[in-house]
Amino acid sequence: MSITLILVIITSGISYYALNNYSLMENLILNPYKVTQRNEYYRFVTSGFVHADFGHLIFNMLSLWFVGEGIERLFGMLFGPSGTFYFLFLYIVGIIVSDIPTFLKHRNNSKYNSLGASGGVSAVLFAAILYSPLMQVCLYFFICMPGFIFGLLFLGYSFYESKRGTSYVNHSAHMVGAIFGFVFMAVVYPSAVPGFLQQILSWRLF
């Protein structure tokens, strides 16, 4: 069984249980104020294993499954037995890093909460985009485009919405997680960078 599938199963199980157990959700969700006041830094990780509703959970887990399997195999090919560590590091640290701006912004706001695996999923997706920018990324299964175009749209939309600040969705986490994944891939596999540029320059719309 792949690490990706194990993560999907564990996250789905914890999320399902937390959605039916308010006290567990309260203990796992990222509340920057509680992190600050009680030193509950574990919430940076546990918040990535709970979700706001089933739609949120299904979207994140399908995205992780579709992209994660490929990145997991790629890391196995590039790094051998250490590939599992690289993949877990990318995903888990992606969740943590993506929430740092949120924590800094809301650490004195006791009513603010954030949850979901989106930061880690974004990290995995953008690591894949750096390695293979022409891969097809599909929204809702039928709006498909090259990965690098999706990446530009995703970052632009996330930046715009994070600046507006009118949505309950943590768009800054999406953006930071994506940037982390892109940078991580560039650091651990530098050859991906010239490959990324070469593939984009060779791309033709028609």
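Phe66 counts as partly exposed, at 48% relative accessibility. Phe66 sits in helix α5. The model is a predicted one.

**The nonpolar patch**

Phe66 is one of the residues that make a nonpolar surface patch of about 1100 Å². Met1, Leu5, Ile6, Ile9, Ile10 and Tyr16 also belong to the patch. So do Phe54, Ile58, Leu62 and Trp65. Two helices supply at least two patch residues each: α1, spanning 3–19, and α5, spanning 54–79.

**Aromatic pairs**

How many aromatic pairs does the structure hold? The count is 17. Tyr16 and Phe54 make one of them, and this pair is tilted. Their ring centres are 6.0 Å apart, with 45° between the planes. The pair links distant parts of the chain, with Tyr16 in helix α1 and Phe54 in helix α5. The two residues are 38 residues apart. Phe54 is partly exposed, with a relative accessible area of 43%.

Phe182 and Phe196 form another pair, with centres 5.4 Å apart. Their planes meet at 85°, so this pair is edge-to-face. An angle over 60 degrees is what that class requires. This pair, too, links distant parts of the chain. Phe182 belongs to helix α10 (residues 171–188), and Phe196 to helix α11 (residues 192–202). The separation is 14 residues. Is Phe196 buried or exposed? Phe196 is buried, at a relative accessible area of 13%.

A pair of rings is described by two quantities, the distance of the centres and the angle of the planes.

Ring pairs also build a cluster. Its members are Phe75, Phe79, Phe85, Tyr86, Phe89, Phe180 and Phe184.

**Salt bridges**

There are four salt bridges in the structure. The table lists three of them.

| Glu26 | Lys34 | 3.3 Å |

Glu69 is buried, with a relative accessible area of 18%. Arg73 is exposed, with a relative accessible area of 58%.

Which residues are linked with Glu40 in a network of salt bridges? Arg38 and Arg43 are linked with Glu40 in that network. Arg43 is buried, with a relative accessible area of 1%. Glu40 also counts as buried, at 15% relative accessibility.

Lys34 counts as buried, at 18% relative accessibility. Glu26 counts as partly exposed, at 23% relative accessibility. The two fall in separate classes because buried means under 20%.

**A positive phi**

Asn39 has a phi near 55°. That is a positive value in a residue other than glycine. Where does Asn39 lie? Asn39 is in the loop between α3 (32–38) and α4 (43–46). Asn39 is exposed, with a relative accessible area of 53%.

**The disulfide**

The structure holds one disulfide. Cys138 and Cys144 form it, with their sulfur atoms 1.9 Å apart. What is the hand of this disulfide? The torsion about the S-S bond is about 105°, so the disulfide is right-handed. Cys138 is partly exposed, with a relative accessible area of 38%. Cys144 is partly exposed as well, with a relative accessible area of 38%.

Notes. Residues are numbered from 1 along each chain as its sequence is written. This is a predicted model: local features need pLDDT of at least 70, side-chain atom pairs count only at pLDDT 80 or more; totals for chains, interfaces and linings use all residues. Side-chain values use heavy atoms; hydrogens and water are left out. Patches are made of residues with over 30% relative accessible area and no salt bridge: like charges are joined within 9 Å, nonpolar side chains (Val, Leu, Ile, Met, Phe, Trp, Tyr) within 5 Å. Accessible areas come from the Shrake-Rupley method with a 1.4 Å probe; for residues, only the protein chains shown count as cover. A salt bridge is a side-chain nitrogen of Lys or Arg within 4 Å of a carboxyl oxygen of Asp or Glu. Helices (H or I, at least four residues) and strands (E, at least two) are DSSP runs, numbered from the N terminus. Buried means under 20% relative accessible area, exposed over 50%, partly exposed in between (1.4 Å probe, protein chains only). A disulfide is a pair of cysteine sulfur atoms within 2.5 Å. Rings of Phe, Tyr and Trp (its six-membered ring) pair if their centres lie within 6.5 Å; planes under 30 degrees apart count as stacked, over 60 as edge-to-face and the rest as tilted.
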